[in-house]
Amino acid sequence: FWQTGGRLDPVGAMRSLFGITSPKRSSATPEAAPLVAAPESAVAPAHVQEVVAGASATKARNAAGAGSPMTAPGAADGGGCTAGVGHATAVGGGSGGVGAAGAASGAAVVAAPAVPNIAESVVLWDARAHSVWWVSAKDRDPLPMCRRQGAHGNESDLWEVSAARRHGDRYAFIVEWTQVCSISGPCTFFGVPHDEADLNAFDHACLEVLDLPANVIDPRQPPLAMTHGGTQHFAEVVAAENDELEKRRFKQLQEKPLFERMENAEYLFEVEDMSKFAADATGVRVKLYIAKRVITQEVVIEARDGSWGPVPLQRAEWAPQDVVARSRSVPPENRPAIWVGDAPDLSTNGADIVVRIRRRDWRVDPRSLALARGDANAESARACDTCPEVPFGPALWSIHAELPPVPPAFSRCPDRELVLYEMHVGSFTPEGTFTAATRKLGYIRELGCTAISVMPVNQDARRLKTGAPDFWGYDVISAFAVDSAYGTAADMAEFVAQAHKEGLAVIIDYVANHMMWGAESYIGPQYFKEDMPTAWGPRPDFSVAEVRNYFLTAAEFLLTSLGFDGLRVDSTKSIRKFPNDAADAAGTGFLGELSALCRKHAKLIIAEDLEDGDGVLQLGGLGFHMQWDMAFFCWAFDALVNPLDSHRDMGSVVRGLQGLSPARSHLLRGRVLFMESHDTAASDRYGRFAAAVHNGKAFMPPDESPGEDAGGDAFQKASGVALPYPAVQEVEANSFAARRTAIALVLMMTAPGVPMLLQGQETYEVGPFKWPRGPALDWQRAAATDGNAGTWRKLCRNLIRLRLAGGRPAAPGEAPRPNPLTGDGLHVCHSHDGVLAYLRWAEVADSRTASQGGHEVALVVANCTNNNFPAYELGVPPSEQWRMALSTVSGRSLSSGGGSDVTLQTRACWACHGFPCVLNVALPPYSAAVFIREA
């Protein structure tokens with residue numbers, strides 16, 4: 001992307017790429033009246049108003065006080081089908097939303113009711129399309145779209161049509177394109193979708209938890225999900241010559257009717273020796289059986305090495321003998337189509353063959369703000385002169401929606417005062433919606449947290465096909481569409497606005513490293529790196545400018561149009577590296593552009609990388625502010641979960657406190673700290689911390705436990721198999737588990753970094769939840785004032801209050817003293833036989849600032865053993881007295897009143913732990929305490 005005046009300009013790159021000129025108003029076309037009158041001072045220039053980023057309501061968007069608007073190339077005048085169009089949507093056109101060049105870049109939004117029957121230019125980017133039709137769910141008449149031309153007459157990959165739409169209207173696209181597949185062997189099935197790609201078939205995880213029967217796939221159903229939409233290589237040879245087991249399987253397969261053999265595959269490739277038909281004939285006859293749901297226009301085969309071909313195949317009729325032998329149980333209307341051709345230079349032993357299949361498929365608008373499942377019983381689009389054959393479907397509709405108003409400006413707390421609460425909207429409340437979560441925001445603020453880290457809210461495939469809101473949401477099929485189980489974009493904007501009223505910042509989990517299996521079919525294979533899918537789904541191809549632009553504009557839409565305060569970028573390692581661990585320069589560059597975008601808008605950006613110990617993602621590298629610190633969790637987890645005091649490695653805890661790269665000098669070590677997260681606390685991974693302490697180890701089977709060679713995110717590859725989980729009552733009754741878990745909480749809240757609680761952690765929730773669902777918050781526990789739940793919530797609240805409380809009152813004329821627990825200063829002064837002590841402090845802003853009595857210092861002491869120490873001696877800096885601010889055993893806290901706070905005297909002595917004073921403290925078994933130097 002180009003740099004213009006210090007600002008990112010993805011539109012400039014798009015315009016240059018396609019040779020698109022700036023928008024021009026035709027003298028024959030009157031200027032469309034604005035939908036909503038805006039204050040004169042807030043109205044953007046005319047050329048900005050002319051570009052509409054999605055729904056009709058966006059006509060009223062303006063750029064008051066904002067930077068350069070991200071003008072959509074969809075508004076350009078370049079011929080094609082644009083003549084006479086009143087105004088144009090941005091690329092991707094359709095929905096409520098945002099165009100390819102982008103959603104708002106800080107521009108204000110004026111809410112407006114949808115105006116009926118406004119003809120808009122609907123634009124779609126598809127680099128592989130031969131023809132595109134736009135279809136409305138109302139009349140289902142395919143409307144042909146035209147390829148837009150650039151200013152210099154060169155054809156672009158943008159398709160557009162003028163269409164009238166209103167808020168709530170459903171629409172989709174039919175795209176004719178060429179699928180390129182590589183196959184091997186005499187009999188090969190291919191085009192088999194991933195098990196979890198089909199929205200009409202519940203995956204095993206769904207069946208297990210929902211107890212739902214698997215749907216029988218209707219052969220008329222559209223190709224809901226191809227394996228990899230474009231160039232594919234299928235090396236599977238069903239009849240392997242040297243594999244007797246495979247030969248037996250092949251023979252059994254041959255005995256089944258053809259339709260049963262194909263199962264979910266789209267294609268079956270077979271060859272027959274021509275000598276079967278004529279004794280002196282050479283070569284083979286090729287048959288390609290194509291599932292009824294695949295609308296095919298043309299098939300061509302050729303050798304991969306170019307030694308023969310191309311050979312066109314012709315559509316053929318079923319021979320009577322084939323009907324009996326291969327499809328006797330299948331009604332004629334559901335039989336696969338047959339395409340036949342003779343290849344004189346191909347042998348029956350098979351070879352690497354390239355098959356090019358020109359087909360028609362449904363697509364959704366990648367930038368629509370809402371998606372809805374299609375009705376399997378509804379009629380498909382009507383055939384027309386330009387589209388005589390239409391695929392059955394669609395499986396998904398895009399929904400034309402209004403953009404919500406931009407929330408009012410909000411200034412979040414400083415980074416040093418951030419305390420995150422990781423929320424999963426779908427399981428935070430019984431309803432699992434934005435509206436229900438909005439009503440409970442006061443609970444989080446009362447706990448003391450200053451920001452919410454929301455797990456993904458984009459349309460998730462699992463939530464879409466089950467209707468259950470409590471799936472995690474990492475199986476996204478759109479970077480723009482809001483998950484229908486949670487609500488609408490307006491509901492999400494209201495959630496953010498109300499959180500801001502509570503003083504809570506909102507960070508959103510942003511998934512760009514992969515999309516759900518089947519996304520290649522829904523938005524198109526041109527978005528993905530087809531030869532390198534991830535373990536979780538297809539991987540975006542960041543070497544394509546339009547793909548980078550798609551994800552960048554989605555991020556900017558979230559930050560500016562919906563008001564989110566930052567991004568937590570999921571699995572950045574999978575963006576900067578290919579699945580084979582090779583570096584991806586384009587993906588790395590994308591991360592740099594993404595961080596620059598966040599910094600441009602003064603938004604926080606956090607990486608979940610788990611393998612970036614050297615801080616490549618942060619300042620001096622790609623510009624991220626912080627990272628999730630998995631190393632801190634692992635080292636503290638291993639030390640505190642170990643059941644034997646003699647094997648407790650306090651050195652690992654020290655390394656965790658110091659951080660992987662303390663020399664980086666990032667603010668707060670540039671990290672987010674946690675003892676529970678959705679990734680770690682699941683019962684098929686590490687488990688809830690207290691349950692793991694009770695168990696004595698994590699719940700991953702040994703072959704799934706992350707080791708030195710497994711990589712930092714090995715827990716993400718857990719198969720769902722878990723070791724036996726203890727009964728909740730047993731964990732609740734285990735006081736040792738509670739005490740050691742409390743130590744972990746104190747370490748997290750007092751170490752340099754930004755602490756984060758997982759929902760339910762504050763109520764000592766120890767019950768299991770399993771990928772990819774939960775954890776449900778028990779609101780009875782949340783309301784408890786006693787017992788483990790009440791005591792634990794009070795401990796969390798007191799720790800947060802202690803962390804965020806200001807330093808000692810300043811003397812007259814003095815600047816406020818910073819809180820030592822929000823500073824970067826850390827010195828581990830004692831680590832011996834399970835007892836750990838470290839000092840924390842924060843420097844004043846500048847050494848020229850005068851202060852009386854020195855800076856404030858906190859001392860954190862943890863007894864990680866079952867030994868009781870009535871008077872443990874600790875060396876401390878020069879001081880006269882210390883105050884106990886909090887103890888995990890006594891329950892004393894900074895807010896508990898002067899009568900229950902304890903003042904501890906110090907005495908001067910010979911050097912102890914390198915300091916001239918000694919502090920005697922009582923350390924009960926498995927306890928932690930925080931002391932503040934008073935003088």
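Which residues in helix 13 meet which residues in helix 15? Keep that in mind while you get your bearings, and remember that you're looking at a predicted model.

**Stop 1: the whole protein**

Zoom out first. The protein has 23 helices and 37 strands. Of its 935 residues, 60% are buried. Now think about who touches whom: take the contacts between residues at least 6 apart in sequence, and 75% of them join residues at least 24 apart.

**Stop 2: two helices side by side**

Select residues 545-561, which is helix 13, and residues 585-600, which is helix 15. Here's the reply to the opening question: on the helix 13 side you'll find R548, F551, L552, A555, E556 and L559, and they meet A586, F590, E593, L594, L597, C598 and K600 of helix 15. Colour that contact by class and you get nine nonpolar residues, four charged ones and no polar ones.

Next, look at how the pair is arranged. The two axes are 10 Å apart, and the helices pack at an angle of about 25 degrees. Angles under 35 degrees count as roughly parallel, so helix 13 and helix 15 are roughly parallel to each other. The crossing of helix 13 and helix 15 is right-handed.

**Stop 3**

A bit of background: strands of a sheet pair through backbone hydrogen bonds, and they can do so in parallel or antiparallel fashion.

For a closer look, select residues 671-674 (strand 28) and 754-758 (strand 29), which pair in the parallel sense over three bridges. Click on F674 and then on M756 in strand 29, its bridge partner.

**Stop 4: a loop residue**

Where does R412 sit? Go to the loop between strand 19 (396-399) and strand 20 (420-423), and you'll find R412 there.

Show the neighbours of R412: leaving out residues up to four places away in sequence, R412 touches L418, A505, D565 and L604. Last, draw a C-alpha to C-alpha distance from R412 to K603. The two are 191 residues apart in sequence and 9.7 Å apart in space.

Key. Residues numbered from 1 in each chain as written. Predicted model: local features only at pLDDT ≥ 70, side-chain atom pairs only at ≥ 80, totals over all residues. Heavy atoms only, no water. Axes fitted to C-alpha atoms, helices over the stretch in contact; angles between N-to-C directions. Helix = DSSP H or I, 4+ residues; strand = E, 2+ residues; numbered from the N terminus. Parallel < 35°, antiparallel > 145°, perpendicular 65-115°, else oblique. Left-handed = near helix turned anticlockwise from the far one by under 90°. Contact = heavy atoms within 4.5 Å. Nonpolar A, V, L, I, M, F, W, Y, C, P; charged D, E, K, R; others polar. Pairing = 2+ DSSP bridges. Buried < 20%, exposed > 50% of the residue type's maximum accessible area, 1.4 Å probe, protein only.
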